[in-house]
Amino acid sequence: MKSMATLTEKAPSEVLLVEDEAVVALDFQFMLEDLGMEVWGPCATVRAGLDLVRDRLPGAAILDVMLADGEVYELADHLHKAGVPLLFHSGHAEANQLRERYPGAAVCPKPALPSEIEAKLANWFIPSE
């Protein structure tokens, strides 16, 4: 198992968090901050996410699929085209379809424990040796 210290050394310092459930968003924010990451957001809407990335891109993004103003795909398409790594955390999307549309993306179905998300991040950012 990869250690948290290894994760923080390899993971991006800035992560866009797009999640419209306040409790889930706060859990994510605290977990990411504990890992030493700067959290952009959390954003509850696609529009808010797009506004945050208009002039500058994050190192990675964690995205819920169903948001207060619709599905996240416009934002995800923009980030994916720019080469930003994506981790989808959703109970409303098919993992295989997300991986097909966004090759290289990580998917973690809701509800997920923080340890599951942390493991996905570790696998995502740290190549297998």
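## Helix H2

In this predicted model, the buried residues of helix H2 are Ala25, Phe28, Gln29, Met31 and Leu32. Residues three or four places apart in an α-helix point the same way, because each turn takes 3.6 residues.

Helix H2 covers residues 22–34, and its 13 residues should span 18 Å at 1.5 Å a residue; the end C-alpha atoms are 18 Å apart, in agreement with that value. After H2 comes glycine 36, which has a positive phi near 85 degrees.

Isoleucine 62 takes part on both sides: leucine 17 stands opposite isoleucine 62, and isoleucine 62 in turn stands opposite leucine 87 in E6.

## The surroundings of aspartate 64

Aspartate 64 is located in the loop between strand E3 (60–63) and strand E4 (66–67). Aspartate 64 has a relative accessible area of 2% and is therefore buried, the limit being under 20%. Beyond its neighbours within four places in sequence, aspartate 64 contacts Val18, Glu19, Asp20, Val72, His89, Ser90 and Lys110. With the side chain of lysine 110, the side chain of aspartate 64 makes a polar contact of 2.9 Å.

## Salt bridges

The whole structure contains 6 salt bridges. In one of them, arginine 56 pairs with glutamate 14, with the closest N and O atoms 2.2 Å apart. This pair links distant parts of the chain, 42 residues apart: arginine 56 is in the loop between helix H3 (46–52) and E3, and glutamate 14 is in strand E1. Arginine 56 is partly exposed at 46% relative accessible area, whereas glutamate 14 is buried at 16%.

Glutamate 19 and lysine 110 form another salt bridge, their closest N and O atoms being 3.0 Å apart. Because glutamate 19 lies in the loop between E1 and H2 and lysine 110 in the loop between strand E7 (106–109) and helix H6 (114–125), the pair ties together parts 91 residues apart in sequence. Both residues, glutamate 19 and lysine 110, are buried.

A further salt bridge joins aspartate 51 to arginine 54, with 2.5 Å between the closest N and O atoms.

## Cysteines

Cysteine 43 is buried, at 4% relative accessibility, and cysteine 108 is buried with a relative accessible area of 4%. The count of disulfides is 0.

Methods
Residues numbered from 1 in each chain as written. Predicted model: local features only at pLDDT ≥ 70, side-chain atom pairs only at ≥ 80, totals over all residues. Heavy atoms only, no water. Helix = DSSP H or I, 4+ residues; strand = E, 2+ residues; numbered from the N terminus. Buried < 20%, exposed > 50% of the residue type's maximum accessible area, 1.4 Å probe, protein only. Polar contact = N/O pair within 3.5 Å; in protein donor to acceptor, adjacent residues only side chain to side chain. Contact = heavy atoms within 4.5 Å. Disulfide = S-S within 2.5 Å. Pairing = 2+ DSSP bridges. Expected span 1.5 Å × (residues − 1). Salt bridge = Lys/Arg side-chain N within 4 Å of Asp/Glu carboxyl O.
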